[in-house]
Amino acid sequence: MKVDGVPYRTIWLAEDGWSVEIIDQTRLPHAFAILRLTNLSEAAHAIRSMQVRGAPLIGAAAGYGVALAMRADPGSSHLAEACRVLLATRPTAVNLRWALERMERRLAPLDPAARAEAAYAEAGAIADEDVAICAAIGNHGAALIGEIAAGKAPGRPVKVLTHCNAGWLAAVDWGTALAPIYRAHDDGIPVHVWVDETRPRNQGASLTAWELGRHGVPHTVIVDNAGGHLMQHGDVDLCIVGTDRTTATGDVCNKIGTYLKALAAFDNGVPFYVGLPSPTIDWRIEDGIRQIPIEQRDGREVFEIAGRTADGVVETVALTPEGSPVANYAFDVTPARLVTGLITERGVCPASRDGLAELFPDLSSRR
Ligand code: MRU
């Protein structure tokens, strides 16, 4: 997607042909800063500190992290160590494990002298495939939006509610939940997006609002608690969210608060869709609530908040009384029964074992 007219991906190989550049997402929306990663520990830090985040981008960054590690030392023990270090950075998004297993499968059988080149090629393939997957999700999801638009008076926007950031910043390009919105908007279908601010890190307010604004998509930021009210008043035509891990049975793990939106959508008869790239499916598990590891992050994200002052300085201030304990669960699980459909790169399917297996017979049988 474009930033001030310049096309960007979220991660790319630098001009030197070996270091990796990213958009530092911890600086958005107040500054657009590019960071250069030159080694394994910088790549691991970028994922852990959420300079890069969002399930598909975490996977792509892990691929490039292995490539940087192989450039420094292509030995087998270093390959295993690099995968171990990167796997430990964040626990919930399964794209991380998926990408590391793919890198290891490709590199381990090779002579060490051939590993660095092959690692860069494989990381590049993961990134390019993600772009194609997300573009396809955009096409399938835009068809759904188009159907809703067809039932409205001409010019009336389709009102979509989304949670967290599952746009191009969360992937390599396009995004998952936002890809259908970009596709529909670019195709001339009027859309309006309700953007949940998404406490505690406010990925909606700071990232989703930023990228929609840069692309000219009409949107309004709302506090996390507003969605149910809007649904009760007929102001949401559909919800589309992303996912960090979806089970083989269609349970969807996504940013904390997604479940509550799904409950409100269910109660109000609002369709609730999930943009789901196949690398985000964990074919090995069936019960999302019991089997998906939920990341618990630093309490600072709850008891402090950062923002820009009138002087243009970004400052962090305390929110809670000193000494009040906080808890910081980063994700929750929406059971499959609350999900209207999964928008994948191969089409839209029911959130169920059969639905997923029918679209992905090749992957579902290979657990
Ligand atoms: O903690 P984050 O910012 O990495 O969480 C991101 C999300 O929950 C997204 O909705 C999810 O990764 C899907 S991204 C296309």
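The space it takes up is the largest cavity. Keep in mind that this is a predicted model.

Which elements give two or more residues to the shell around the ligand? There are two names to look for: α2, residues 55-72, and β11, residues 252-255.

Now the shell itself. How many residues surround the ligand? The number is 18. The closest are Ala55, Arg90, Asp244, Asn254 and Lys255. Find those five on your screens.

What kinds of residue make up the shell? Seven are nonpolar. Seven are polar. Four are charged.

Take Arg90. A polar atom of the Arg90 side chain is 2.8 Å from an oxygen atom of the ligand. Asp244 also puts a polar side-chain atom 2.8 Å from a ligand oxygen. For Asn254, the distance from a polar side-chain atom to an oxygen of the ligand is 2.6 Å.

How much of the ligand does the protein bury? Taken alone, the ligand exposes 410 Å². The protein buries 100% of that.

Start with Asp4. Asp4 sits in the loop between β1, which is 2-3, and β2, which is 6-7. Its phi is near 50 degrees. That is a positive value, and Asp4 is a residue other than glycine.

Then Pro29. Which bond joins Leu28 and Pro29? A cis peptide bond, with omega at about 5 degrees. You will find Pro29 in the loop between β4 (20-23) and β5 (34-37).

Last, Pro200. Arg199 and Pro200 are joined by a cis peptide bond too, and here omega is about 10 degrees. Where is Pro200? In the loop that runs between β7, residues 191-196, and α7, residues 203-215.

To recap. Arg90, Asp244 and Asn254 each bring a polar side-chain atom to a ligand oxygen, at the distances I gave. And for the backbone, remember Asp4 with its positive phi, and the cis bonds at Pro29 and Pro200.

Notes:
Residues numbered from 1 in each chain as written. Predicted model: local features only at pLDDT ≥ 70, side-chain atom pairs only at ≥ 80, totals over all residues. Heavy atoms only, no water. Near = heavy atom within 4 Å. Polar contact = N/O pair within 3.5 Å; in protein donor to acceptor, adjacent residues only side chain to side chain. Areas by Shrake-Rupley, 256 points an atom, 1.4 Å probe, with all protein chains shown as cover. 1 Å grid on protein atoms, 1.4 Å probe; cavity = no way out; pocket = protein on both sides within 12 Å on 5 of 7 lines; lining within 4 Å. Sits in = over half its atoms within 2 Å of the grid points. Helix = DSSP H or I, 4+ residues; strand = E, 2+ residues; numbered from the N terminus. Nonpolar A, V, L, I, M, F, W, Y, C, P; charged D, E, K, R; others polar.
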